[in-house]
Number of protein chains: 2
Amino acid sequence: MATGAARPRRATIHDVAAEAGLSRGTVSRVINAERYVSDDARVAVEAAIAKVGYVRNTAARNLKTQQSHAIGLIVHEPHSLFLEDPVIGAILLGTNAILSEADYQLVSLVIDSDRDSDRVAEYLSGGFVDGVIIISARSGDPIAHAVVKLGIPAAFVGHPPDIEGIPFIGIDNFAGAKAITERLLATGRRRVGMIASALDRDSGQDRLAGFRAALGDAFDPSLVVDYPLYSHGTGLSGMRELLSRAPDIDGVFAASDSIAAGALDGLREAGRHVPDDVGIVGFDDSAWALRCQPTLSTVRQPADALGRLAAERVLSQLRGEQVPDSGTLLPTSIVWRDSA
Amino acid sequence: MATGAARPRRATIHDVAAEAGLSRGTVSRVINAERYVSDDARVAVEAAIAKVGYVRNTAARNLKTQQSHAIGLIVHEPHSLFLEDPVIGAILLGTNAILSEADYQLVSLVIDSDRDSDRVAEYLSGGFVDGVIIISARSGDPIAHAVVKLGIPAAFVGHPPDIEGIPFIGIDNFAGAKAITERLLATGRRRVGMIASALDRDSGQDRLAGFRAALGDAFDPSLVVDYPLYSHGTGLSGMRELLSRAPDIDGVFAASDSIAAGALDGLREAGRHVPDDVGIVGFDDSAWALRCQPTLSTVRQPADALGRLAAERVLSQLRGEQVPDSGTLLPTSIVWRDSA
DNA sequence: CGTAGGTCTGTGAACGTTCCCAGACTGCGA
DNA sequence: TCGCAGTCTGGGAACGTTCACAGACCTACG
């Protein structure tokens with residue numbers, strides 16, 4: 001029999017009240033840790049809860065309180081990348097850790113097309129979530145504007161250039177990119193290029209700007225290629241392109257570790273040795289970095305902390321606290337390994 | 001201002017009824033696509049819904065119907081692996097596609113420790129999900145037994161050896177492993193080893209058994225190493241161990257693509273050339289396979305279909321249909337590339 | 001001793017939906 | 001003409017919780 005027996009009726013707050021010889025109200029006060037409950041009552045209720053195996057009915061609670069106790073995590077990436085990108089994964093884990101502590105359910109909403117975008121906007125207006133965390137929003141993002149309009153408590157991870165009124169948590173992409181490029185230059189490289197990506201977002205823009213700032217007058221626009229996605233494929237194509245444009249290239253800053261991994265494959269394909277012929281540095285210090293051959297020098301970003309902080313920002317708005325409108329930038333650090 | 005303005009009251013079924021000049025009951029019948037609604041009423045209600053921007057209140061619905069409209073996806077893996085493993089990712093995507101079509105919310109429950117296990121068991125008994133899909137259950141799994149006891153509609157992906165009464169969807173690991181090992185042998189390899197993994201699960205066991213069957217009398221237990229996790233690290237350690245045990249090894253069956261990727265790094269480290277010195281084959285045909293250098297010959301498993309089918313099994317139980325107690329095994333195929 | 005203020009408890013009402021029943025209307029055959 | 005089956009609609013009741021309110025009790029102070 002696969003259909004299973006009829007499930008037993010779940011215990012309600014009434015059963016607990018009857019068992020404890022008290023009223024609904026008192027039980028509710030114990031459950032919600034409110035004031036004005038005597039020690040006797042508290043003990044009795046707790047014993048009764050354990051005895052009848054009571055678990056609070058979320059639907060009834062949500063209905064009465066007009067809240068969903070859910071937070072949406074909106075990710076603007078293709079589904080495939082969502083699963084593949086270790087940075088997003090780490091952010092998700094951090095967010096989830098904080099939210100489950102606070103008894104909130106995380107709902108992941110992946111936006112892959114304009115159709116998704118509309119569906120998610122409708123979902124948000126339906127009150128299915130009490131707040132949202134938005135990852136990697138692009139400029140002109142309709143979802144972000146819908147969130148502002150609906151007045152839903154929110155936080156960005158990363159900083160979309162054109163949206164006001166929502167706090168954001170990010171990293172200093174400019175400083176990180178500048179620092180690692182300088183470090184790469186310090187190894188004596190003369191012809192240094194970049195495989196840029198996601199220029200429609202602040203992360204992509206700022207990493208490029210940092211690279212440019214590090215090079216100063218030596219900056220050569222023909223040594224920069226760019227592609228939309230932070231992906232292995234971007235690195236492979238980008239490296240091929242750079243090699244064809246400048247066969248004498250001896251250093252590459254890849255805008256992410258996954259791109260760097262692709263670039264390494266591109267160099268291997270072309271018979272170049274890393275780091276002797278070409279030095280490569282990445283960005284993220286994700287799971288890719290250690291798995292590369294040779295191991296990748298990269299910029300470490302605290303992805304887990306980004307997720308945690310964003311979640312805390314949303315929760316504090318939900319508690320009605322005044323949240324600083326401005327953003328927070330977390331510091332990055334350089335991890336130097338064997339690829340440069 | 002980050003706190004946002006007061007949100008407007010959401011339209012209810014009453015508003016729709018008033019707008020359409022009909023009663024609650026009729027509106028509800030239209031929404032739930034029931035019989036006995038006149039065309040006039042249907043049109044009027046649909047217009048009213050659009051006009052007032054009505055979205056159904058899930059909490060109220062769930063409360064009344066005593067269902068959560070959520071399905072749990074229970075994954076027995078460390079959090080890190082959950083994000084990294086492309087097979088699990090593909091299963092998740094397949095599951096989610098089917099469930100969201102049927103208006104069910106997917107809730108991922110990752111079990112990383114015994115504490116998690118207890119928490120999830122309690123969660124399940126709380127009625128937060130109407131059904132569960134269990135991935136990669138180990139033998140003697142307490143959660144699986146709890147599910148049977150609670151009578152929650154469920155389906156396994158993969159087949160835990162000691163649990164009856166729950167349908168499962170799997171692949172024929174034995175046949176796949178046997179076939180690719182035979183193909184590897186056909187390239188003329190003489191000393192073929194295996195890096196096995198997850199021997200506490202059917203997938204691990206069956207892949208090892210298939211390998212053994214393919215070798216027949218030539219099977220040499222000293223050429224098999226095993227580690228708990230399907231991971232890159234397993235492949236690296238395993239390859240080092242195999243090389244130290246049998247320096248003349250010329251073929252390796254890795255129990256997963258991620259293991260194969262690690263093994264490739266191990267061979268590179270030892271200066272062996274693939275496929276000239278050693279031929280390597282993997283299992284899964286995941287995103288890793290194409291990214292390896294050289295590209296990996298492997299067994300393709302329809303991970304997306306596994307997820308879809310498991311979801312459908314659970315949904316049909318929810319509809320009260322009789323589901324065959326037995327399992328379904330989906331066929332695998334061999335994808336031959338450059339690593340052997 | 002009366003009263004004020006604090007603590008604690010019980011109860012009715014409400015959240016928005018679905019389910020069920022009663023009843024109105026229609027068409028059709030006896 | 002009547003009854004009956006089928007179609008359609010309206011409204012009461014209930015799901016399990018939280019909140020507001022009312023009232024009981026205790027202590028302490030004038």
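Predicted model: local features only at pLDDT ≥ 70, side-chain atom pairs only at ≥ 80, totals over all residues.
1. Overall form of chain A. The secondary structure of chain A amounts to 14 helices and 12 strands. The radius of gyration of this chain is 25 Å, well over the 20 Å that the globule rule gives for 340 residues, so chain A is more spread out than a compact globule. Along the principal axes, the C-alpha atoms of chain A fill a box of roughly 85 × 50 × 40 Å.

2. Burial and contacts within chain A. Of the 340 residues in chain A, 47% are buried. Taking contacts in chain A between residues at least 6 apart in sequence, 70% of them join residues at least 24 apart.

3. Chain A against chain B. On the chain A side, 40 residues are in contact with 40 residues of chain B. The elements of chain A that each supply at least two residues to this side are helix 4, helix 5 (79-84), helix 6 (86-101), helix 12 (257-269) and helix 13 (287-291). Helix 4 of chain A gives the most, with 5 residues. By class, the side of chain A that touches chain B has 18 nonpolar, 15 polar and 7 charged residues.

4. The surface near DNA strand C. There are 26 residues around DNA strand C, and those that come nearest are S23(A), G25(A), A41(A), T12(B) and I13(B). From chain A, helix 2 (24-31), helix 3 (39-52) and helix 4 (58-65) each supply at least two residues of this surface, as do helix 2 (24-31) and helix 4 (58-65) of chain B. Which element gives the most to the surface near DNA strand C? That is helix 4 of chain B, with 5 residues. The classes in the surface near DNA strand C are 9 nonpolar, 10 polar and 7 charged residues.

5. The surface near DNA strand D. Around DNA strand D there are 26 residues, of which T12(A), I13(A), A60(A), G25(B) and A41(B) come nearest. Two or more residues of this surface come from each of helix 2 and helix 4 of chain A, and from each of helix 2, helix 3 (39-52) and helix 4 of chain B. Helix 4 of chain A provides the largest share of the surface near DNA strand D, 5 residues. By class, the surface near DNA strand D has 9 nonpolar, 10 polar and 7 charged residues.

6. Helix 2 of chain A. Helix 2 of chain A, which supplies residues near DNA strand C, has T26(A), V27(A) and V30(A) as its buried residues. Seen down the axis of helix 2 of chain A, these buried residues fall within an arc of 100°, so they line one face of the helix. What covers them includes helix 1 (13-20) and helix 3 of chain A. Just after helix 2 of chain A, A33(A) takes a positive phi of about 50°.

7. Helix 10 of chain A. Helix 10 of chain A (residues 202-215) has 14 residues and reaches 20 Å from its first C-alpha to its last, close to the 20 Å expected at 1.5 Å a residue. Its buried residues include D202(A), R207(A), L208(A) and F211(A). The buried residues of helix 10 of chain A pack against helix 9 (173-185), strand 6 (192-197) and strand 8 (251-254) of chain A.

8. V110(A). This residue lies in strand 2 (residues 105-110) of chain A. Is V110(A) buried or exposed? V110(A) is buried, because 20 other C-beta atoms lie within 10 Å. Leaving aside neighbours within four places in sequence, V110(A) is in contact with V75(A), E77(A), H79(A) and F82(A). From C-alpha to C-alpha, V110(A) and G126(A) are 17 Å apart in space, and they are 16 residues apart in sequence.

9. P228(A). The place of P228(A) is the loop between strand 7 (224-227) and helix 11 (232-245) of chain A. P228(A) is exposed, because 11 other C-beta atoms lie within 10 Å. Not counting residues up to four places away in sequence, P228(A) touches S197(A) and A198(A). P228(A) and F156(A) are 72 residues apart in sequence and 20 Å apart in space, C-alpha to C-alpha.

Technical notes. Residues numbered from 1 in each chain as written. Chains lettered and ligands numbered in written order. Near = placed C-beta within 6 Å. Helix = DSSP H or I, 4+ residues; strand = E, 2+ residues; numbered from the N terminus. Nonpolar A, V, L, I, M, F, W, Y, C, P; charged D, E, K, R; others polar. Contact = placed C-beta atoms within 7 Å. Rg over C-alpha atoms; globule rule 2.2 N^0.38 Å. Buried ≥ 20, exposed ≤ 12 C-beta atoms within 10 Å, placed from the backbone. Expected span 1.5 Å × (residues − 1). Arc of directions from axis to C-beta.
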